[in-house]
Structure formats: C-alpha cells, structure tokens
Amino acid sequence: MALVLDVECYVDYFLICFLDRTTGKVASFDMWPGKNLNVARVAHYMNTETTISFNGNSYDLPMIAAALDNRDCAALKHLSDEIIMSKMPSWKVCKENGVNIPQKWDHVDIIEVAPGQASLKVYAGRMGYPKLQDLPIQPSANIDTEQRDLLRLYCANDLRVTDALYSKIEKQIALRVEMGAEYGVDLRSKSDAQIAETVLKSEIEKTSGKTLRTPKIADNARFKYLDPKIVSFKDAYLNEILARILDHKFELSGNGSVAMPDWLKDAKMKIGNGEYQMGIGGLHSTEKCQSVYAGETHMLADFDVASYYPSIILQQDIAPDNMGEDFTAVYKSIVERRIAAKRAGNKVMADTLKIVVNGSFGKLGSKYSTLYAPNLLIQTTITGQLALLMLIERVEATGAKVVSANTDGIVIFAPKSLEDKLADVAFGWELDTSYELERSDYRSLHSRDVNNYFAVKNDGSVKRKGAFSQAGLMKNPQFEIVSDAVADHLAGKADYRDVIRSCREINKFVMLRKVTGGAIWRGEQLGKAVRFYYSSAVGPDETIDYAKNSNKVPQSDGGKPCLDLPEQFPSDVDFERYVGMAQMIFKQIGVNHA
C-alpha cells in the first residue's frame, strides 16, 4: 500500500500522520513530555511501505529519522527550526546534526513533480479543494491537550490535500517510473529539468567513461554569441542589430544567468506595421488591444516552430564545455528516439523522452547544474529570435501581416490569395534553418497584449493564454467565470451575461491569492493563502488586508473570504460585478460586446 505522510513539530509536541491512500484512514503517532513515540510502528511503516509527501525529502524524512533516533521534542524542534530557517540545504543540516536517512526507505516527494512551484495551500486552492487551512497554532507555541487534537485535524487535512495533488500528477509519476526502469535511476521525486540532467549525465558518463561535475565558470566571465550561419536580413537596421549582437561580449548576472544588454532590450525592431523586442526569454511583439478576424476572404494562422529549442541546440552543434561531442551524440539519439516513438504511436516513450529533450534547456542557465552552459543558452535563445525575425521579414515582404509573435511562433493575417506565396516562404525558411513549422488556423484573435489573449479556432474551441487561461496546477483561479464567459461569447456559443448569471459553480467565481504574513478580514485571521468571491453583502469599500501592515490584498474590494467552500451556491454572489469585469476585458481586447 501507499501512505501519505506529514510531520508537525513544536517544542513540547511532535506528530507524524500517515494517510492510507486505499482506505482513506489516518493513523497518528505523537509524543510529548511524558509520552513516548511509538517508534516500532513508525519504523515499520517507513521500512515496509511506499510513502508520499510534499517536501518530505527536505523536511519530513529528516524529522522522522531523528525521531526514530529517540530524540525528544525539544531536540526535534531545534532540528526543525534549523532546517526551516538556516537557509542551508537540509542534507547539510542533517550532516551537522548527525541525522541519517535510511537508504531503504521507499519515498516519493511530489514538490518538484507538481508544476507551478507553489505551497501546498496554494495547490489546494488551485485544485478547488474544499478546505484551505493554515497552521492553526504559531510554531513557537506550547501545545496543550485540546491543541493536540486541533493539530491532528490540521495534519489530516494536509495529508488529504497532498493525496489529491498526487492524484492530479499520477501520469507524471508513472512516466518517471517508466524512465527510472529504463535508466536505472529513481526519478519519481524529480522535476522535468532534474530528470533531464540526471538522464543526460548518466548516459554521457556511460558513453564517455567520464565523471561529470558542475562546471566552474567565473561570475565575471564574458563570451560572444557565435554567428549561427542561418540568419540573413534585407533590412539595414536588422543587419545592424545582428552585427552588433555578434560583436557584443555577453556577461553573467549575479545568479549565473546571462544578462541581456540594455541596448538590445530597448531596441525596437519594426517590420511592416509590427514592432518587436528581444529578450533572454524570447522574441515578442508589442501589440495592445487588438482583435483580428479571418472572415471569408482572409486567413489567420498561427505558425509555431516544432521543438524549437531542441532543434536549435542540434542545428547549432554546440554543447556544454564539460561534455563536448558526447552531449551532442546523446542528445541527438534521444531526440531521434522520441520522434520514432511518436511516429510509432508509443505515447509513453514519446512523452518520457520529451521530458529529457525539453527539460534539459532549463538547466543550461543553472550554475549548480552539470549542464550549466550560459554560452549555449544564449546561442539557443538569440538564434531562435533572429530566425523568427527573418521569417517575419519574409512574410511581410509578400504583403501579408504578422499580427503577433512570441518565442517560438508567429500569427499571420493575409488574403487567401497569398496562400501559395506564404507556403513558399515557410518552406524556404525551413530549408534555410532546418527547423519545422506547424500551422493552426484561427477564426479570430483577441489580444490584451502578446502574452494575454483569446484565439478562436476554426472548430469553435478557444485557446486562452496568460490571465485568460483556465486555472490549474500552474495557475491560481482568477474569477475564471469571467474569462469563460468572454471565451464563449467570442466563439459564438452563448451571451457572456447568460454564462455568468447561470453558472452555479462557486469555484468559477473565486480568486486565490498568496498573502505573505497572512491576511485579515473583519478582525478574523485568514492565513497565507486566501480565497474569496465578490459578494453583494460586502461593502464595495471593505477589503481583505495584509495582517502585517493593513495594506489591501489586491482586487479584494467587496470580496468575501471562502476558505471553506460552501456546500450550496451562495445567494450573495454579485453577478453584476462579474458582468462588469467581462465588459472590461472586451474593452481591453478591442471587442464591441453589445
């Protein structure tokens, strides 16, 4: 069986709880002065069962190992504080305190696997979990009998949230099990980027016989971007930008990542009616408040570059200095295996190798990774941006318009009479660069800006980005009913007012906010993750405030907290406020909603 575990620690109280994922039952083991921990039973669970946690590798496992070493509450509290507040890696704290975590413990820590890098409370809100509960007793407090019961209930709720989160990412865990079996490494607790590093390191060491270590690159290192040999422009200003990039010596910022020079960040590249800016994260256009419709005579199409960064890494044939040609050979074999698996319909293998291919890029800018290669990072991102600018220039030369561009793709608006010319441009660009374009057609595109938009596809479905995207593990709910209503209205499915007024899912009406230091409303402490909806029973000037300084929590005017979701849809939901918010979005994207 699999058990979810969690630990709570105070100077005079220590608690370990296990949730049986099959039965839903919770077993609690605690101790306080005068009562010993059931060491034998806890050790049995740890030694014989698969356990699951959120941040267990860094906190819960060291605490349990120390407790099984017969340390008392005060000693455990000292260890807990050092892990949390010292800012040292927990393994180092363990080493200094003589804590040894048994290697045989079969444990899965999901904090790195879950996307979005959030606290457990925020994940609970993102999942629409019924109860958001912050730690009910200050960490420095002494615990009495009644408070022990309160902490057991709190811990049980955290266990159920962790279990719910695990259920959401079980496919990702299953992929990690598949990969672990293939590569002989336990990958269940690793992020995509960590998996990529682990797998590539393992494969390169097998191939080369080398032992790879994290490269040491001086903080003041400078290096030049290499001519990619695939980029050329007709426009004089673009050629000037290219020449200046090739001449520039790039520097590292304090965290080891590449610093984009101000002159390049501030450069405005005008092509046709569009204006573009470069950055470390990628190219982006600068449109605001824009709506574009295809209609009968025009096409509106999104051209994305397939696997853009992996394709650039292979095409540029460069590698981290500590790996050299071994990196290129291994990386290429993984890319080719993924393509073959995808064509053969082997989804598990294709998805598995996709993690390695895409996840590796994130480690190029990490000074703590064996894949650290800032020169390769800048070679990849700048080549991608220059190649897109080259495509944009060629598209605009046909008489078509590029109405949006971002990182790995562009959106083209053009008369249908230009279809053949645009196909020739796309094919020529693919030949010159070796990259592959993938096309999606839209009925319309509605942008607040390049990162926040609705795109209505030909089948009536709606692609939503940024603030308008649907809530999930990567994104806090932000009054989702409003974007739902706008999307349905744009797609011609329903009037936005009807969508809002007829909805009876309270999770669609809530905002989730992380509040550092906790929040307060009408004198009530709310905790560090606050969920609220707009209520007609709350005054428009009433706000939820930061407990530490009484500043307003953003967008909380007229908000009513609902940390515990009501069983029945509330009668005081202020529908007209949400209607007004939808009307504001229409204004932001340049749409007449009447």
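Colleague: How many aromatic pairs does the count come to by the rule you use?

Modeller: Before the count, a caution: this is a predicted model, in which local features need pLDDT of at least 70 and side-chain atom pairs count only at pLDDT 80 or more, whereas totals for chains, interfaces and linings use all residues. Residues are numbered from 1 along each chain as its sequence is written, and side-chain values use heavy atoms, with hydrogens and water left out. Rings of Phe, Tyr and Trp (its six-membered ring) pair if their centres lie within 6.5 Å, and planes under 30 degrees apart are called stacked, over 60 edge-to-face and the rest tilted. By this rule the count comes to 21 aromatic pairs. One of them is the tilted pair of Tyr534 and Tyr578, with 5.7 Å centre to centre and 45° between the planes.

Colleague: Which parts of the chain does the pair of Tyr534 and Tyr578 tie together?

Modeller: Helices (H or I, at least four residues) and strands (E, at least two) are DSSP runs, numbered from the N terminus. Tyr534 lies in strand S20 (residues 524-534) and Tyr578 in helix H18 (residues 575-588), so the pair joins parts that are 44 residues apart in sequence. Ring pairs also link Tyr534 and Tyr578 with Phe479, Phe509, Phe532, Phe569 and Phe575 into a cluster.

Colleague: Are Tyr534 and Tyr578 buried or exposed?

Modeller: Buried means under 20% relative accessible area, exposed over 50%, and partly exposed in between, with a 1.4 Å probe and protein chains only. Both Tyr534 and Tyr578 are buried.

Colleague: Which residues touch the most other members of the largest nonpolar core?

Modeller: A nonpolar core is a set of buried Ala, Val, Leu, Ile, Met, Phe, Trp, Tyr and Cys residues joined through side-chain atoms within 4.5 Å. In the largest one, which has 81 residues, they are Ile245, Phe327 and Ile410. Helix H14 (residues 374-397) supplies the largest share of this core, 12 residues. A second, separate core has 77 residues, including Ile52, Leu132, Cys155 and Phe575.
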